[in-house]
Amino acid sequence: MNAPAKTQDFAASIPAGVFAETVLSVQHYTDRLFRFRMTRPAGFRFRSGEFAMIGLMVGDKPVYRAYSIASPAWDEELEFFSIKVPDGPLTSHLQAIKPGDTVLMRKKPTGTLVLDALTPGKRLYMFSTGTGIAPFASLIRDPETYEKFEDVILTHTCRDVAELKYGQDLVEEIRNDEMLSEIVGTKLRLYSTVTREDYPFKGRITDLIENGKLFADLGVPPLNPEIDRGMICGSAAMLKDTKELLEKAGMEEGANNKPSEFVIERAFVG
């Protein structure tokens, strides 16, 4: 089922306090992953790394799920990166959207993967699996990230090599962007790994942290709470295991109201 186009009748059915935005482009990466861009409501403000509740009218009622906003705070459009779940209440419909269709979005963004939730440091790690890269897609395109950190390391772990393409394309876009490339310089590094296929960098990110291969490959020392900061977004198991490894290294979890050495996003897409 496609999201219905914006019509007078449909507009009348939009719930109060909700934005109804137009899909501008859709790109399918694999049979499991796609990204789309849509119009940004006038006056909509968010911090890079936050998420919003987006949805569709399914039948006669809206269905919402939490999605990290993948575009940076300065972008004139909104970007989202999604998994396709065949029987998902929302994603089974969302994966069929096309330009011109309407997507709903609640008006208040929120989230913990924001720079304000971290204390000052030198090196920022962004640990992601699958579509957990989405909030970092926002942050690596935000100049403020590079004002606050000298070294930004984005790790992205997926099952298959084809699923890494979104992150690889992002970094390539930054390097080819006249303004961003000047701001980013050599500060940003992407460390991609897969778990099910042969690839130069293979394995779960938690294993690569624990056995030290991550740091050896990057040529950096092990985690140090004095200078390193972390952000984590991925599956529930990955969040739990990575959090334990960071705490083992002496790092403390922070929040918007209590900045510290690392933060976790616990909003899920389904």
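This is a predicted model: local features need pLDDT of at least 70, side-chain atom pairs count only at pLDDT 80 or more; totals for chains, interfaces and linings use all residues.
Helices (H or I, at least four residues) and strands (E, at least two) are DSSP runs, numbered from the N terminus.

Residues are numbered from 1 along each chain as its sequence is written, and side-chain values use heavy atoms, with hydrogens and water left out.

We work on a 1 Å grid over the protein atoms alone. A cavity is a set of points where a 1.4 Å probe fits but cannot get out. A pocket is an open set with protein on both sides within 12 Å along at least five of seven lines. Lining residues have an atom within 4 Å of a point. Points are joined across faces, edges and corners, and a volume is the space filled by probe spheres set on the points.

How many cavities of 30 Å³ or more are there? The count is 1. The largest cavity has a volume of about 30 Å³. Its lining is Val171, Ile174, Arg175, Val184, Gly185 and Leu188. Helix H5, residues 165-176, gives the most to that lining, with 3 residues. By type, the lining has 4 nonpolar, 1 polar and 1 charged. Here Ala, Val, Leu, Ile, Met, Phe, Trp, Tyr, Cys and Pro count as nonpolar, Asp, Glu, Lys and Arg as charged, and the others, Gly among them, as polar.

Now the largest pocket. Its volume is about 780 Å³. It is lined by 33 residues, and the closest to its centre are Thr129, Gly130, Thr131, Gly234 and Ser235. Elements giving two or more residues to this lining include strand S4 (61-68), helix H7 (205-210) and helix H9 (236-248). The lining divides into 16 nonpolar, 11 polar and 6 charged.

Next, the packing. In soluble globular proteins, nonpolar side chains tend to be buried together. Buried means under 20% relative accessible area, exposed over 50%, partly exposed in between (1.4 Å probe, protein chains only). A nonpolar core is a set of buried Ala, Val, Leu, Ile, Met, Phe, Trp, Tyr and Cys residues joined through side-chain atoms within 4.5 Å. The largest one has 31 residues. Those with the most contacts inside it are Met126, Phe136, Ile140, Tyr166, Leu188 and Met231. Apart from it lies another core, of 21 residues, among them Phe19, Val23, Leu56 and Val63.

Is Glu79 buried or exposed? Glu79 counts as buried, because its relative accessibility is 1%. It sits in strand S5, residues 77-83. A polar contact is a pair of N or O atoms within 3.5 Å; within protein, one must be able to donate a hydrogen and the other to accept it, and residues adjacent in sequence count only if both atoms are side-chain atoms. The Glu79 side chain makes one with the side chain of Arg37, at 2.5 Å. Another, of 2.6 Å, joins the side chains of Glu79 and Tyr166.

Then Ser48, in the loop between strand S2 (33-39) and strand S3 (51-58). Ser48 is buried, at 5% relative accessible area. Its side chain makes polar contacts with the side chains of Ser138, at 3.4 Å, and Asp142, at 2.7 Å.

Last stop, Asn224. This residue is partly exposed, at 29%. Its side chain reaches the backbone nitrogen of Glu226 at 2.8 Å. Thank you.
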